[in-house]
Amino acid sequence: MLSILVGVLYTAGVYMLLRRSILKFIIGIIFMSNATNLLVFISAGLVAGKPAFVNGATTNVSQLADPMPQALVLTAIVIGLGMAVFILALKYKYFEVTGTDDLDQLKQTDSQK
Amino acid sequence: MLPMLNLVILYFLFALSIFILPKAIKSQKGILIAFLQMAAFVWFVFKVPLVSANNSELLFLKWIPELGLNFEFLLDGLSLAFALLVTGVGVLVFLYAHSYMKSYDNTAKFFFFLLLFSGAMLGLVLSANLIQLFIFWELTTVLSFFLISFFNEKELARKAAFQSLVITFLGGLSLLAGIIVIGSAVDSYSINDWVAGADKIKSSSSYVPGLILILIGVFTKSAQFPFHFWLPGAMQAPAPVSAYLHSATMVKAGVFLLARLSPALGGTDEWTFIVPLFGVITMLVGSYFAITQTDLKAILAYTTINALGVLVLLLGIDTNLSIKAAVLFLFIHAFYKASLFMIAGFIEKKTGTREINELGGLIKSFPITSAIALLALLSMAGLPPMLGFLGKELIYEAKVQSPGFGSMIFIFGFISNVLMFAVSMKVLFKVFLGKAKKTYTVSRFKNTFFVIGPAILVLISLVIGIAPNLFGKWIIEPATNVIYASPVNVELALWHGFNQVLLLSIATVVLGSMLSYILIKYNRVEVLWQKFNTTVFPVNLPELFTKTIESFVAFSVSKTKILQHGYHRYYILSIIVFTAVLLWVQLFVTKGWQFEIPFTFKPFYISGLVFIIMLATLFSVITRSRIAAILSMGVTGYGMALIFLYYSAVDLAITQILSETLIVVMFMLILQRLPTFTKLSSKATKIRDLIVSIIFGTAMTLVTLKAINVNLSSPISEFFMQNSFQKAFGENVVNVILVDFRALDTLGEATVLVIAAVGVSVLLFSKKSKS
């Protein structure tokens, strides 16, 4: 079921990436990053309700959820946030300067203005 | 023995210092450099006695001995002869350039390149290691490019420079390959080792390919057919450059190398067939095209090609007589051609044209210059008492006695000499004698530096022509010995007695006079001849060259245009389609997978959550409202957080909620300033994109399914689990990993965030720039 969700998210992400609107493009990127996080998370195996909390008494560690992919995904989420915010700001500036939301307009270089 | 190296280094240092000369002496830099050249020249003159006793000096410095790369400077008869030419002609050329370049800007640049060139050329002729020689060789090529394109505002000059660069560079590459091929046969790049191992080289299987590669390098540099066409183009250079590079020194580098390698590679059937063949063709081509040119410098360029052909031919014949003739002719040609180029530059300066049809009777305006030109032309025509006569006699003698296909060489040589004679006479009568079309008045003092160079060269030529023996003993003989690798007795005399060769000379003069008389008397003959040439030789080599280059460039431009079309979406599309195809291929290859996890809706609340996320995603894609799109994207994000929460990833859930909130807020902030969605894509593209997306998404689903089944039994997790509390005293293993075990990674991550934040603030709060 979750695998299908990954597929749907990727489908949506790719579709949005291929739109000409830059705003949709950014949404597409966020979908893609969510989908990838989920993929990494799922691939480590799912363990419900047993977070990786340990103390000195814990002995049976193998039954807990694997902390490693969680750490990875956590990093990825944060980086994804940074990227998304930065692209948004870039997009804002771009619109302010060029006055268009159309990616195909990006084809022109400065010299052709 | 260090002076040789120091001398070359001195040239380079001096060249650099040109730019920092004090203002007061800056305008005199031509003369200053001439002094340097003079000093070098004198130094080499003092070496003459040593070398003429058949001694040589070798300077050996280790560089990378493991690879056979060493600095080796060798001073023997051959390199001394060339070094004398480089420095001696150098003195005169710089004096000349001092006057010639006065009226141009950027003279510092010019003298810088020209002096660097002298140094490189000197290094080249003194090199005894072939890799080192190759470096100097390429250096002269590059510098030649800069010098030809000195008038870089002229398109013709740029084109010519580019053409000569490409051709000589290709030749240089071929030369390097050849050196390596042959060098591997004797396992050394030192010329001495090559000469010592000559038999080994000649019998090895790499001899023929190596020889051909080296010869290509030689032929491009020395403008041999079919590479000769870059030389007339190179006449776009300022006159001192033409006189120095393209007649006296650089184009002789190929000849030098040929002479240098002659004891190592020469004497075989291949050598005595290939080398003279190209020499003869070049000789004929040069003299044949020289006669129909009307541009003074073009005439000189073609006669230079002729002379280079003669030199190559003589070295190829490879008898002691022919080599003697080659060395002598090398000097003869340098003497008269350098002076003629300088005079041509002078004439162009004073009259504003190089077209010989527009010139005439210059002897009235410039008596001294014309007298010098007369002597130089006599030398070129091969008439007594000039040195040229001596050379021509010797060449005839060498040709008559040449083995192999001697009779052919002899006939072609005769034709070429007749043509050369006619060209000389044509220039003499059309430009200097005859009716003056205009008179030019020039003050005499200013011309001293213009005239001094050619005058000295011509005088040397005259003096040696009359009394050649000392010159022959001291300079020609040692050089010949080196090339021929055995002692040769050189005795030169102006008068050889009444023999077959003299008869030939007389015949040459008679025929040549007739030809030049016809050309001068009837202008129509020349025009008809030019027309004939253009119809008989329809292929214009320079044009062919340009077209080849252009079509090559056009080809890559058209290919680039297809790939770099500038539409961002199609770049992404191609990347995704490619990835999807790869994924599907991989899935197909491993289709025997067993999916162990059965499809299940349990637990039902997760299934419900997933369903909600899907709906939100779809809605976000299809909605026309921006706010709706962003909000439903937010729903997706929060849904993800819940999934994380359920599957034991508390920290992930918290982070996801925070970042999702931030993103949505950020979107909303910016949204008010952005336009609403407009309909940009047509239905067809939407469907196409949809299909691509679904294909990709399906592939990803399958990959995910597979990923669950792959058992990532990562022992590192166990390590973290066990040590988290004991060593790091943290209960939350994920947190401990981030801030303790992998703290540096987290630091990097924080840095990324800071950079992003700085970028955002710069982008958002900077003032609106003018658009």
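**View 1. Helix α25(B), out in the open.** None of the 23 residues of α25(B) is buried (20 or more other C-beta atoms, placed from the backbone, within 10 Å of a residue's own), so this helix lies largely in the open. Helix α25 of chain B covers residues 541–563 and reaches 33 Å from its first C-alpha to its last. That is close to the 33 Å expected at 1.5 Å a residue, the expected span being 1.5 Å times one less than the number of residues. Helices here are DSSP runs of H or I with at least four residues, strands are runs of E with at least two, and both are numbered from the N terminus.

A word on the model: it is predicted, with local features needing pLDDT of at least 70, side-chain atom pairs counting only at pLDDT 80 or more, and totals for chains, interfaces and linings using all residues. Residues are numbered from 1 along each chain as its sequence is written, while chains are lettered from A and ligands numbered from 1 in the order in which they are written.

**View 2. Around Lys364(B).** Lys364(B) sits in helix α17 of chain B, residues 362–365. Gly434(B) is 70 residues away along the chain, yet its C-alpha is 9.8 Å from that of Lys364(B).

**View 3. Chain A, helices and no strands.** Chain A has three helices and zero strands, running α-α-α from the N terminus. Of its 113 residues, 56% are buried.

**View 4. Chain B as a whole.** Chain B has 33 helices and two strands. Buried residues account for 47% of its 771 residues.

Methods: Buried ≥ 20, exposed ≤ 12 C-beta atoms within 10 Å, placed from the backbone.
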